Amino acid sequence: SSFVATGHSLDIVRHSILNRCNTPGDNVIDHMVIYNVTPESITINQTAEWLQDMVIETSYLLMCPISRAYTSSAKIENQSEIIDISYSGHSRPSISGNKGEFSLWGDNFYAKIEYECLEGAFNKAFSFISPSSSPSYNKFYYNFVGSNVQESVKAGHRVSTYGRISYSYNDKLVGQTNIIM
């Protein structure tokens, strides 16, 4: 849904019971997410608790679409390489581990994505910016399981994540990407 809100801070709380893929009524995860939206950032706190034992191949939390209209470049914390994310099919920047930071920017927009898995991740967890086939956006993901692995999860296993997307939009940033290096 969409709505218009006026204020300095907005909290959105969503609670869902997730089903096994294509199996309505086969409840597998109790999922809670709290978004806090301010003019400067969006903070996302999520908790997923398994309701039954299962094997997980992929599990993404903190998915965030990123418009190519505003962002054309990305950089991983503590790395000097700048990645061109302005087109579909770009190389996929990624970070291994349960904590990290990406910077993204364009001509007059800057965003920083910070995330941390607070509990329940596995050793091969990683995050990445996916080169969506859509010409209009990329997607940031945090995969708390890992890539090309299967992990057994017992009922009651809990994963908690924290993410913060801070951003600024300023005409003065045009042509001055050096201020975010």
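User: How many helices and how many strands does the protein contain?
Analyst: This is a predicted model, in which local features need pLDDT of at least 70, side-chain atom pairs count only at pLDDT 80 or more, and totals for chains, interfaces and linings use all residues. Residues are numbered from 1 along each chain as its sequence is written, and side-chain values use heavy atoms, without hydrogens and water. Helices (H or I, at least four residues) and strands (E, at least two) are DSSP runs numbered from the N terminus. On this basis the counts are zero helices and 14 strands.

User: What is the radius of gyration of the protein?
Analyst: The globule rule, 2.2 Å times the number of residues to the power 0.38, is compared with a radius taken over C-alpha atoms. For 181 residues the rule gives 16 Å, and the protein comes close to this, so it is as compact as a globular protein of that length, with a radius of gyration of 17 Å. The C-alpha trace extends along its principal axes over about 50 × 40 × 30 Å, and the radius asked for is 17 Å.

User: Which strands form the edges of the open sheet of eight strands?
Analyst: Pairing requires at least two bridges found by DSSP between two strands. The order of this open sheet is β1-β2-β3-β14-β10-β9-β6-β7, with antiparallel pairing. The strands that pair on one side only are β1 (10-20) and β7 (83-84).

User: Which residue in the turn between β1 and β2 has a positive phi?
Analyst: Strand β1 is joined to β2 (residues 23-37) by 11 bridges in the antiparallel sense, and Leu 18 faces Ile 29 of β2. The two strands form a hairpin with two residues between them. The positive phi, about 60°, belongs to Asn 22.

User: Is Val 13 buried or exposed?
Analyst: Val 13 lies in strand β1. Its relative accessible area is 56%, and the classes are buried under 20%, exposed over 50% and partly exposed in between (1.4 Å probe, protein chains only). Val 13 is therefore exposed.

User: What is the bridge partner of Gly 100 in β10?
Analyst: Strands β9 (residues 99-105) and β10 (residues 109-119) run antiparallel and are joined by seven bridges. In β10, Gly 100 has as its bridge partner Tyr 115.

User: Which residue in β11 stands opposite Ser 96?
Analyst: The open sheet of four strands has the order β5-β12-β11-β8, with antiparallel pairing. Both β5 (60-67) and β8 (94-96) have a single partner strand, so one side of each is left without a neighbour in the sheet. Three bridges pair β8 with β11 (residues 126-130). Opposite Ser 96 stands Phe 126.
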